[in-house]
Amino acid sequence: MFVELNNLLNTNPDRAEQGKLTLLCDAKTDGSFLVHHFLSFYLKANCKVCFVALFQSFSHYNIVGQKLGVNLTVARERGQLVFLEGLKSAVDVFFQTQEEPHPLQFLREANAGNLKPLFEFVREALKPVDGGEARWTYPVLLVDDLSVLLSLGVGAVAVLDFIHYCRATVCWELKGNMVILVHDSGDVEDEENDILLNGVSHQSHLILRAEGLATGFCRDVHGQLRILWRRPSQPTAQRDQSLTYQYKIQDKSVSFFAKGMSPAVL
Amino acid sequence: MAAVASCGSGAGSTGSAVATASKSNVTSFQKRGPRASGTNDSGPRLVSIAGTRPSVRNGQLLVSTGLPALDQLLGGGLAIGTVLLIEEDKYNIYSPLLFKCFLAEGIVNGHTLLVASAKEDPANILQELPAPLLDDNSKKEFDEDVYNHKTPESNIKMKIAWRYQLLPKMEQIGPVSSRFGHYYDASKRIPQELIEASNWHGFFLPEKISSTLKVEPCSLTPGYIKLLQFIQNIISEEGFDGSNPQKKQRNVLRIGIQNLGSPLWGDDICCAENVSNSHSLTKFLYVLRGLLRTSLSACIITMPTHLIQNKAIIARVTNLSDIVIGLESFIGSERETNPLYKDYHGLIHIRQIPRLNNLICDESDVKDLAFKLKRKLFTIECITKLRSYGLRSQKYFLSRHSQRKCSVKKNPYFKEPHTLKKIY
């Protein structure tokens, strides 16, 4: 986890809020560093994490996680991490018929299916184990990333249904957290992606939006991060709080600074 | 040679050392390092594959794309397990050359090839591969090998190194060179012996699609389903996914898919705005990437993205590929007569580079890249653009090699893309 980002968000692993949905969104840049941050954050907070990793392989997250101080292999063996590796599972589902419904069953279906098997997988992974001490503080669902589901043929409404079911189970029933990454297509008119992004942003408590700089590529400033705190349950009588920072990603950490205050400029 | 990069950084390294697990976990995304073996020998069990080297940044195993200049721009080469997507230029003149250089590099290094096309027979594609430009030492070696192969009867009596006469003669021509990255001569064809000595598989869609389809309907077009099954068969039969641990020599599978997404594959994303099945191509790419991540293979795909009218699909395809390079040729456009571009044939855009096992990637600072195809060589150069804000805001355009011809004094500042400060 990035200590500077913790300071900006005013949290640390010991006293994080529960029952929150965090939306990570990236436009014209790669926002995957935020996923790595939250993965290591919640593993350090001793939470039970279910990671639906559709975008990269397990060893990628593992190697980056080791740079950030968590070991995913050990966490998986201990039972703290339930990892669904999308790429490997897709190959299994596609080439062999499965007996029981697989979380990625929709890959075999001709029409845009629903994500019920995936939801069952998540619920099974995060349900509290009866009769035993509570080893983990609270459950967390991490999804990287949701736009891949649209590319695989699932409709935007089906994905929103899935998020709704997960939110009801994870955030409300189990008092856990959810972190979701959605790509913002920007000026490319991807209607389904826009529907998905708008739908999830209206339900989220915290939105972290990583944008590329409007002026283009820069070696010293990799992008801009907008942080927006929301209260979705209450009608907005007060304005939501929003902050903007620029960042530069280094090998093991990310440094944040106010706009225009990059160390390279000063 | 005005290429941006020299392959000096990779020359001399004959096969790189990579630690491979002895268990079934074969993904190449592993940290490089010696492994303590349980046997008596204290040295680490290292396996080296010809034509690969580990990345400087994260130990990722890399193969050359066939163009050393492109290798340098991509941060060393193409990582094994990833997809290189080339967005074809408008009249499909230069993208086949990149495709063929990739395949030729595989033949020269002794890798296994898998060539898939809906337009041309893969055997014909292989006949048209460019010939490698060998330096004098390896060329002499190659000539001697050819000589030995052609006249097995002649026993040349060795006078000095007579012990070597007792060794058995080579039966087949091995890989010509295990160097990383070679230059290719676009005007000559690859020698027939090299093609025959290589191991390749071809997938020609009209032949394969005529057989009956025994798969349950899913939203992929039949051509894509057949291709995925073919690739998966080759990977599992030849052990690229680690399923045959007895095989002594590990090798890399290079997959080349030509004109993916074109109507010849049965997909209509290039024809219509409202596509009947818009997820076929993206699903194919996802499953393909899943296959690649779990095996020792690398894939090059050329796609006519300029024909795809639905921009959302292009964005999704870009997100699902690892490296995306766009070629824009000047033929038929107004830039053909622009004096800035008179030495070049087109622009090359590196649209995306993946971040593998890392938070950052080796993005090159240079964004203005142009290519030209001389009589023999395909080179990539950086166009340096200078602009001076004088009274009349004149613009000076210089390309790197013509700086000397200009009357501007040679100055260290001119080496980089730079805007001169306003002179008051």
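The axes of helix α5 (residues 86–95) of chain A and helix α8 (residues 280–293) of chain B come within 8 Å and cross at roughly 110 degrees. The two helices, α5(A) and α8(B), are therefore roughly perpendicular (65 to 115 degrees). Helices are DSSP runs of H or I with at least four residues.

In α5(A), the residues G86(A), L87(A), A90(A), V91(A), F94(A) and F95(A) meet Y286(B), V287(B), R289(B), G290(B), L291(B) and R293(B) of α8(B), with contact meaning heavy atoms within 4.5 Å. By class, this helix contact has eight nonpolar, two polar and two charged residues; Gly counts as polar and Tyr as nonpolar.

## The interface

This is a predicted model, in which local features need pLDDT of at least 70, side-chain atom pairs count only at pLDDT 80 or more, and totals for chains, interfaces and linings use all residues. Residues are numbered from 1 along each chain, chains are lettered from A, and side-chain values use heavy atoms, without hydrogens and water.

Chain A brings 45 residues to the contact and chain B brings 38. About 3,600 Å² is buried between them, 63% of it from carbon and sulfur atoms (accessible area lost, 1.4 Å probe, summed over both parts). On the chain B side, Y286(B), R355(B) and L359(B) lose the most area to chain A, together 21% of what that side buries.

## Cavities

There are six cavities of 30 Å³ or more (sets of points on a 1 Å grid where a 1.4 Å probe fits but cannot get out).

Technical notes
Axes fitted to C-alpha atoms, helices over the stretch in contact; angles between N-to-C directions. Parallel < 35°, antiparallel > 145°, perpendicular 65-115°, else oblique. 1 Å grid on protein atoms, 1.4 Å probe; cavity = no way out; pocket = protein on both sides within 12 Å on 5 of 7 lines; lining within 4 Å. Points joined across faces, edges and corners; volume = space filled by probe spheres on them. Buried area = accessible area lost by both parts, 1.4 Å probe.
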